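I opened my notebook for a quick look through this model. Here is what I looked up, in the order I went.

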Amino acid sequence: MDTAAKLAVLIDADNAQPTTIEALLAEVAKYGTAHVKRAYGDWTGTSLRSWKDLLLSQSIQPIQQFAYTTGKNATDSALIIDAMDLLYSERFDGFCIVSSDSDFTRLASRLRESGLTVYGFGERKTPKPFVAACDKFVYTENLNYASTRSPEDITPTKTTPVAAHPKSDPALVALLRNAVEAASDDDGWAHLANVGNIILKQRPDFDPRSYGYGKLSDLVTATALFVTERRNPGGGKPGVIYVRDKHHSSATTPKSRSAPATDSPLPLTTAD
């Protein structure tokens, strides 16, 4: 039985770059299955010509919306109306809104009020209110990031700010330390997945790729502020990663409330 989340992907073609769509849909696949893929715009004009091949290859349905008058964006209204129709069909678990336009802020809030998960995709110029209205927001600049590259190979740009060293970013250090503290047990150890969930609730746009690292475990290790440990829960289950702030006392062997006392530590690699 397919238990993947059923998602509706709604693309503001007037406000999104076609060159990112293939990587964007691959990112969407991490969160569920795209049962609906629609792109909105005036397809009779020439401004969306570069989209046409992608519509066929990625099975995206183009939704025609004429520009009734200059200076007014009818595309946004069409996307919002369709989103509400899909919401009331009660067939979906979440929505992916692809746009850098703040006009979709209220739509994202309304969908979340109905108990659905909202994933936003847009450029770094996206206004913060729209970013905050989503459960998770992914910057499209990060979609071109190759996880096999090392941070030293990445050249910082205006759209991809990579700190020289994660430890030199006070805001990042505070975010990580607060999340680890909130998720930790009495011994100070926290399940890394729980840490990530807490961070996303505070910062929907948080992404290790923004700092030059493919995964949260790599970023945490690079700060040199935390002790990381992979544990084997047994029973054929995959290993899990725990993290503890080095400021916490390390006088005893760690035991997590969420892991059996017989857990055996495994070496942590940067691939996790």
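This is a predicted model: local features need pLDDT of at least 70, side-chain atom pairs count only at pLDDT 80 or more; totals for chains, interfaces and linings use all residues.

**Entry 1**

Entry 2: I then looked up α6, which runs over residues 170–183 and has 14 residues. From first C-alpha to last I get 20 Å, close to the 20 Å expected at 1.5 Å a residue.

**Entry 3: its two sides.** Which residues of α6 are buried? I listed Leu-172, Val-173, Leu-175, Leu-176, Ala-179, Val-180 and Ala-183. They sit on the same side of α6, because the arc they cover around the axis is only 165°. I reminded myself of the general rule: an α-helix has 3.6 residues a turn, so residues three or four places apart point the same way. Turning to the other side of α6, I found Pro-170, Ala-171, Glu-181 and Ala-182 exposed.

**Entry 4: the start of the helix.** I checked how α6 begins and found Asp-169 there. One of its side-chain oxygens comes to within 3.2 Å of the backbone nitrogen of Ala-171.

**Entry 5: a strand to compare notes on.** Next I went to β4, residues 94–98. Here 5 of the 5 residues are buried, so the strand is largely enclosed by the rest of the structure. I wanted to know which residues lie on each side of β4.

Entry 6: Strand β1 (residues 6–12) pairs with β4 in the parallel sense over 5 bridges, and Leu-10 has Ile-97 of β4 as its bridge partner. Strand β5 (residues 117–122) also runs parallel to β4, joined by 5 bridges. There, Gly-94 is partnered by Thr-117. Between β4 and β5 the chain passes through helix α4 (residues 105–113), and this β-α-β crossover is right-handed.

**Entry 7: the whole protein.** I closed with the totals. I noted 8 helices and 10 strands, and 47% of the 272 residues are buried. Of the contacts between residues at least 6 apart in sequence, 62% join residues at least 24 apart.

Terms used
Residues are numbered from 1 along each chain as its sequence is written. Side-chain values use heavy atoms; hydrogens and water are left out. Helices (H or I, at least four residues) and strands (E, at least two) are DSSP runs, numbered from the N terminus. The expected span of a helix is 1.5 Å times one less than its number of residues. Buried means under 20% relative accessible area, exposed over 50%, partly exposed in between (1.4 Å probe, protein chains only). The arc is that of the directions from the helix axis to the C-beta atoms. A polar contact is a pair of N or O atoms within 3.5 Å; within protein, one must be able to donate a hydrogen and the other to accept it, and residues adjacent in sequence count only if both atoms are side-chain atoms. Two strands pair if DSSP finds at least two bridges between them. A crossover is right-handed if, with the strands pointing away from the viewer, the path from the first strand over the helix to the second runs clockwise. Contact means heavy atoms within 4.5 Å.
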